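Trainee: I would like to go through a protein model with you step by step, and I would be glad if each answer showed how it was reached.

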Amino acid sequence: MNVNFQYAVSYLLAILLISSTAGSLLYLCIRLFRRIVCKRWDIVYYYSLLRAAVFFSMIPAVLLTVIAIFSRNHMEWGVLSPEYGVQVVTYQDYFGIMMIDNLKLNAVRVGMIYIWLAGFLFFLLKLLKGKYWLKKIRTDAREWEEEWVNKIREQVMKEAGTDKKIRVWQSGRITMPFSAGIVHPEIYFPETEIAEQHLYYILKHEYIHCMRKDLILHLFMTLVKAIHWYHPVIWFLEREFCNYSELSCDEEALSMANKDERYEYAQLILAKTETVKTKRQYAYMAGFISRDEKDMKERITYIMRGSKSKKITKAAFLSAVLLFTGLCPGVTYAASQGFSVVNGYISQVAEEAITTYQEMEEFTAYNGHEVLTEEEILELEEVPLLTGERAAIDVTIAGNGRSNLRRAALKKGDKVRVALAADRLSDAFCICLLDINSGVTSTVYSRDGAVSYVYEADQTSDYVLYVQGKNGVNGSRIHISGSIING
């Protein structure tokens, strides 16, 4: 498997896991702060922090995660070796299990990416389905411009302090009112009779959604859920965000209402809930009805209770904003550290498991002789020298092809450790250490698409290490990666 592809897969997995954990930690911190500082916070303030958490999970969490990853030392691959097992670099500087170059682990990582991609596409299709469903509603909807409707809309606009006229539509395809549209929001009503006071409440509620740009945040929340669908806390964030989106709209709509008006508003919500035939709701929508009975019970409770003292909640909100600003990089750092610690532990377990497995298989070297022409010897001068302690190998050869890997000047008794693996277990190849002066070769054949062996120089001489494909004349090409270690 291509090394660059493995790097990309490992980076993507790390970014996904760290950023989703960072977003979840921030959400949990917001909930904890609310319970400790003020259990009866003003809903609008709490919803503002939830909005910030959604935005953080959508953009800054990913950016901060990328910075956290690239601020660490450059990643290197772990290497299979019969004497040292899997040489996994320390988890403080690298990503342990994520970067072990092992066929089975590579397949697991790629499989995880495909599973994530399948989930992402599933939620993306739901998003597109919502867009398609809204388009169908729009085709046969009629604009609702009766005089009494326009009069109520103007009253709502005046109370909202805006002159922006949002178009109102009626459709026979829906059973509940909602607002939709990102750039140009619109409000939709079912084709049923409705009292003027009830129309006023619903219009005011939906106008607040539109003026606060809730529809954009609903879309962001859906994308966050699509990207981080595997993380359970993100699902709780999505549920809480949608619920408090409605609760905060209710609170703003009823800011000047008395107890009787609040009771009437609660009765309206209950009545609409009973007439709704479907709970279909998409990211392009902000509905008037809550999701289920539990959310509805909480909503009615808040409607009848009303908001508490603004003096306390404003101070709490200001403290929360300052705390939030400091938490954003903090939770990302904590998530990356936690990921590294867990990952490091897993890499140690994997190292022991793979080492045990590797020691069970002993590779055998077969000696032979190869006569080289002067021209071939001169060509070997162009082969890269084996310098330092380790050389990374990444080559692709024909099924019966040959590729010179490294040359080295070795003294008698010097050791060269080779750990190379093909992408497929079925690929066959051999690794040869050739004494350029005498023509003596030491050949090791692959097992299950891999070779792990320690060559020892029989005499002081110039050597070249090369790989020979054994898939046959018409065999498939072989991609081989791994490392050669000198000493």
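Trainee: By class, how many nonpolar, polar and charged residues does the lining of the second largest cavity have?
Mentor: Please keep in mind that this is a predicted model. The residues that line the second largest cavity are Leu386, Arg406, Arg407, Ala408, Leu410, Val416, Leu433, Tyr463, Leu465 and Ile484. Sorted by class, this lining has 8 nonpolar, no polar and 2 charged residues.

Trainee: Which strand supplies the largest share of the lining of the second largest cavity?
Mentor: Two strands, β10 (402-410) and β15 (461-469), each supply at least two residues of that lining. The largest share amounts to 4 residues, and the strand they come from is β10.

Trainee: What volume does the second largest cavity have?
Mentor: Rolling a probe the size of a water molecule over the atoms shows where empty space is left. In this structure there are 6 cavities of 30 Å³ or more. For the second largest cavity, the computed volume is about 60 Å³.

Trainee: Which residues does alanine 398 touch, not counting residues up to four places away in sequence?
Mentor: Alanine 398 is found in the loop between β9 (390-397) and β10, and, because its relative accessibility is 32%, alanine 398 counts as partly exposed. The C-alpha atoms of alanine 398 and glycine 469 are separated by 6.7 Å, although these two residues are 71 residues apart along the chain. With residues up to four places away set aside, alanine 398 touches Gly469, Ser476, Arg477 and Ile478.

Trainee: At roughly what angle do the axes of helix α2 and helix α8 cross?
Mentor: Two packed helices are described by the angle between their axes and the distance between the axes. Helix α2 (residues 43-58) passes helix α8 (residues 232-253) in a left-handed crossing. Their axes come within 9 Å, and the angle at which they cross is roughly 145°.

Trainee: How do the residues of the contact of α2 with α8 divide into nonpolar, polar and charged?
Mentor: On the side of α2, the residues that meet α8 are Ile43, Val44, Tyr46, Tyr47, Leu50, Arg51, Ala53, Val54 and Ser57, and on the side of α8 they are Leu237, Glu240, Phe241, Tyr244, Ser245, Leu247, Ser248, Glu251 and Glu252. Taken by class, the residues of this contact divide into 11 nonpolar, 3 polar and 4 charged.

Trainee: Why does serine 248 count as buried?
Mentor: Serine 248 has its place in helix α8, and, leaving aside its neighbours within four places in sequence, serine 248 is in contact with Ile43, Val44, Tyr47 and Arg212. Serine 248 is buried because its relative accessible area is 0%.

Trainee: What is the phi of lysine 213 near?
Mentor: Most residues other than glycine have a negative phi, and most peptide bonds are trans. Lysine 213 is found in the loop between α6 (196-211) and α7 (214-227), and, because its relative accessibility is 43%, lysine 213 counts as partly exposed. The phi of lysine 213 is a positive value in a residue other than glycine, and lies near 60°.

Trainee: What percentage of the 487 residues of the protein count as buried?
Mentor: The secondary structure of the protein comes to 12 helices and 16 strands. Among contacts between residues at least 6 apart in sequence, 77% join residues at least 24 apart. Of the 487 residues, the share that count as buried is 51%.

Conventions
Residues numbered from 1 in each chain as written. Predicted model: local features only at pLDDT ≥ 70, side-chain atom pairs only at ≥ 80, totals over all residues. Heavy atoms only, no water. Axes fitted to C-alpha atoms, helices over the stretch in contact; angles between N-to-C directions. Left-handed = near helix turned anticlockwise from the far one by under 90°. Contact = heavy atoms within 4.5 Å. Nonpolar A, V, L, I, M, F, W, Y, C, P; charged D, E, K, R; others polar. 1 Å grid on protein atoms, 1.4 Å probe; cavity = no way out; pocket = protein on both sides within 12 Å on 5 of 7 lines; lining within 4 Å. Points joined across faces, edges and corners; volume = space filled by probe spheres on them. Buried < 20%, exposed > 50% of the residue type's maximum accessible area, 1.4 Å probe, protein only.
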